[in-house]
Amino acid sequence: MRLHLLALLAKEPAHGYELKQALEQTFGSAYPSPNIGQIYVTLGRLEKDGLVRAVDVEQSNRPNKKVYYLTAKGRELLTVWVDEPTEGPRVRDEFFMKLVLAPLTGIADRMALISRQRRHYLSLMSDLNDLLERTPPADRVAMLLIEGAMLHLQADLDWLERCQEDLA
């Protein structure tokens with residue numbers, strides 16, 4: 001969440017609740033609603049690390065609020081993050097480790113593991129389909145995020161088929 005908050009602050013200074021709303025508005029229903037407590041904890045760490053600075057803003061009929069600004073150091077980190085390629089495929093896949101190691105111990109059968117994982121992926125796919133149906137067509141960012149997750153799940157389901165064929 002650190003870098004997401006820095007990106008929003010690069011656009012304009014904001015306080016925690018504005019950042020929460022910006023994340024929700026930007027990513028829509030596809031993005032899990034962030035916990036406001038986590039946002040403020042993260043902002044505190046960003047401030048401690050010199051990536052943002054906070055200014056108390058007086059409010060006439062409410063307690064003061066902290067408005068956060070991106071620092072030069074924060075902008076530099078954000079630029080590095082945007083310029084770096086994102087990690088690709090997982091070579092150390094947790095499920096694959098279970099699939100290979102659990103049968104060696106006699107704890108589990110490979111086909112049972114594959115079947116359970118397939119059911120889990122299909123359940124996730126169903127949830128994503130439901131979410132996609134509830135997402136307004138105008139919310140293109142949320143739709144792309146959901147569609148990307150669905151494509152990754154479909155690839156995982158195809159890979160499970162391959163595992164079943166090769167390891168049966």
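Rings of Phe, Tyr and Trp (for Trp, its six-membered ring) count as a pair if their centres lie within 6.5 Å; planes under 30 degrees apart are called stacked, over 60 edge-to-face, and the rest tilted. By this rule the structure has three aromatic pairs. This is a predicted model, in which local features need pLDDT of at least 70 and side-chain atom pairs count only at pLDDT 80 or more, while totals for chains, interfaces and linings use all residues. Residues are numbered from 1 along each chain as its sequence is written, and side-chain values use heavy atoms, with hydrogens and water left out.

**View 1. The ring pair of Tyr17 and Tyr40.** The ring centres of Tyr17 and Tyr40 are 6.1 Å apart and the planes stand at 65 degrees, so the pair is edge-to-face. Tyr17 belongs to helix α2 (residues 16–27) and Tyr40 to helix α3 (residues 36–48), so the pair ties together parts 23 residues apart in sequence. Helices (H or I, at least four residues) and strands (E, at least two) are DSSP runs, numbered from the N terminus. Tyr17 is partly exposed, with a relative accessible area of 48%, and Tyr40 is partly exposed as well, at 32%. Here buried means under 20% relative accessible area, exposed means over 50%, and partly exposed is in between (1.4 Å probe, protein chains only).

**View 2. The ring pair of Phe96 and Trp159.** The ring centres of Phe96 and Trp159 are 5.7 Å apart and the planes are at 50 degrees, so this pair is tilted. Phe96 is in helix α5 and Trp159 in helix α7, and the pair links parts of the chain 63 residues apart. Phe96 is partly exposed at 30% relative accessibility, and Trp159 is partly exposed at 29%. Ring pairs join Phe95, Phe96 and Trp159 into a cluster. Leaving aside neighbours within four places in sequence, Trp159 is in contact with Asp93, Phe95 and Phe96, where contact means heavy atoms within 4.5 Å.

**View 3. The largest pocket.** On a 1 Å grid over the protein atoms alone, a pocket is an open set of points where a 1.4 Å probe fits, with protein on both sides within 12 Å along at least five of seven lines; lining residues have an atom within 4 Å of a point. The volume of the largest pocket is about 300 Å³, counted as the space filled by probe spheres set on the points, which are joined across faces, edges and corners. Its lining includes Phe96, Leu151, His152 and Trp159. Helix α7 gives the most to this lining, with five residues. The lining residues divide into six nonpolar, two polar and four charged. In this count Ala, Val, Leu, Ile, Met, Phe, Trp, Tyr, Cys and Pro are nonpolar, Asp, Glu, Lys and Arg are charged, and the others, Gly among them, are polar.

**View 4. The second largest pocket.** This pocket has a volume of about 160 Å³. It is lined by His15, Tyr17, Tyr40, Gln59, Arg62, Pro63 and Lys65. Its lining divides into three nonpolar, two polar and two charged residues.

**View 5. The largest nonpolar core.** A nonpolar core is a set of buried Ala, Val, Leu, Ile, Met, Phe, Trp, Tyr and Cys residues joined through side-chain atoms within 4.5 Å. The largest one has 17 residues, and those with the most contacts inside it are Phe95, Leu99, Ile114 and Ile146. Helices α5 (94–105), α6 (110–134) and α7 (140–167) each give two or more residues to this core. The largest share, seven residues, comes from α7. Leaving aside neighbours within four places in sequence, Ile146 is in contact with Ala30, Leu128, Leu131, Leu132 and Thr135. A second, separate core of 16 residues includes Leu23, Leu46, Val52 and Leu78. In soluble globular proteins, nonpolar side chains tend to be buried together.

**View 6. Lys20 in helix α2.** Lys20 is buried, with a relative accessible area of 17%. Not counting residues up to four places away in sequence, Lys20 touches Ser33, Pro34, Ile36 and Ile39.

**View 7. Met111 in helix α6.** Met111 is partly exposed, with a relative accessible area of 23%. Apart from neighbours within four places in sequence, Met111 is in contact with Gln164, Leu167 and Ala168. Met111 and Gly28 are 83 residues apart in sequence and 38 Å apart in space, C-alpha to C-alpha.
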